[in-house]
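Visitor: Could you take me through one part of this model slowly, with the cut-offs spelled out? I would like a close look at the surroundings of the ligand.

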Amino acid sequence: MRRKGSGSMSVKSKWTKTKWLRADRALRRFVPETRRFSRSSLRAMTGRYRTVYFKPTDGTGGSGIARVVRLSPRRFSVKKDMRTFQVSSAGSLYGRLKGIARGRSYLLQKGIALRTSGGRPFDVRMTMQRSGGKWVPSALFVKLGKRNKVVTNYHQGGKLALIEPTLRRSGCSPVQINRYKRRLKTLGRQTARCFDRHSTRFKELGLDVALDRQGRLWILEVNTRPNFNALKSLGDKRLHRTVMRYGRQYGRTR
Ligand SMILES: Nc1ncnc2c1ncn2[C@@H]1O[C@H](COP(=O)(O)OP(=O)(O)O)[C@@H](O)[C@H]1O
Ligand SMILES: [Mg+2]
């Protein structure tokens, strides 16, 4: 665990953070099954789930991520960046993923079918910040993925947008939108409590939450050093101002 100039504790390993979440009784069901990449975990995960995400344990910004889809018991399609290829055995799938990993540690995670809005997949970013002794859900917005990408990140062509119009366009009623917002805030508070049990020096958390097509919420990852800069791309600058205002309380300067 490291403490950076932001005034807040930072943990890079997605494996460590996922284990914390999966060990929390209230949060466990919101975290897609995740395993460390190996020949045997690959076999197990691709057998159990039609779609599996392959993510660098220490990755950020959506880089190095691939999506594996099982087409038949032995045939798989792999998509990374704008490229797709197919393999026709579990062994060659393992070999190709090893090639992508290039010696770095990787995770396998159950793939979630993201909801779409205007034809684009999206997920939600919930920012939690500490103010005084309390955790505050300070910003809630969505990341709309670029078509043809397997990630929605801003640095991969994703676009930030406000949550209400995005959910409305994806077919939600005002009642459903309010219910989602309440559930997201509860999830944010539960996650902050979980991280507090590991260190009281966490001051900010950025949850990436997927909404699937059945209406379930899934925590894809928790960022301990969320990037606030992308919020400047929103026409409405209030969200950026809000997170910066909370950030100054614990010594974040940018
Ligand atoms: N299990 C998953 N199912 C569906 N989409 C996923 C999954 N994991 C990641 N993604 C997509 O990839 C993006 C980046 O993954 P994430 O775990 O947040 O890593 P990073 O640290 O690179 O942002 C997510 O915002 C989401 O769009
Ligand atoms: Mg992310």
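Guide: Happy to. By class, the shell around ligand 1 has eight nonpolar, nine polar and five charged residues; here Ala, Val, Leu, Ile, Met, Phe, Trp, Tyr, Cys and Pro count as nonpolar, Asp, Glu, Lys and Arg as charged, and the others, Gly among them, as polar. A word on the source: this is a predicted model, in which local features need pLDDT of at least 70, side-chain atom pairs count only at pLDDT 80 or more, and totals for chains, interfaces and linings use all residues. Residues are numbered from 1 along each chain as its sequence is written, while chains are lettered from A and ligands numbered from 1 in the order in which they are written.

Of the 22 residues around ligand 1, those that come nearest are Tyr53, Ile112, Val151, Thr152 and Glu221; a residue is near if its C-beta atom, placed from the backbone, lies within 6 Å of the molecule. At least two shell residues come from each of strand 4 (51–56), strand 8 (106–110), strand 13 (204–211) and strand 14 (217–223). Strands are DSSP runs of E with at least two residues, and helices are runs of H or I with at least four, numbered from the N terminus.

The shell also draws at least three residues from each of domain 1 (2–32 + 113–249) and domain 2 (34–110), with bounds from an automatic or database domain assignment. The C-alpha centres of these domains lie 24 Å apart. Their contact takes 13 residues from domain 1 and 15 residues from domain 2, where contact means C-beta atoms, placed from the backbone, within 7 Å.

Now follow strand 8. Four of its five residues are buried, so strand 8 is largely enclosed by the rest of the structure. Buried means 20 or more other C-beta atoms within 10 Å of a residue's own, exposed 12 or fewer, and partly exposed in between, with C-beta atoms placed from the backbone. Strand 8 pairs with strand 4 in the antiparallel sense over five bridges, and lysine 55 stands opposite leucine 107. Strand 3 (residues 34–36) also pairs with strand 8 in the antiparallel sense, over three bridges, and threonine 34 has glutamine 109 as its bridge partner. Pairing requires at least two DSSP bridges between the strands.

Finally, the loop between helix 3 and strand 8 holds arginine 102. Its phi is positive, near 45°, in a residue other than glycine. Arginine 102 is exposed, with 9 other C-beta atoms within 10 Å.

Definitions and conventions: Contact = placed C-beta atoms within 7 Å.
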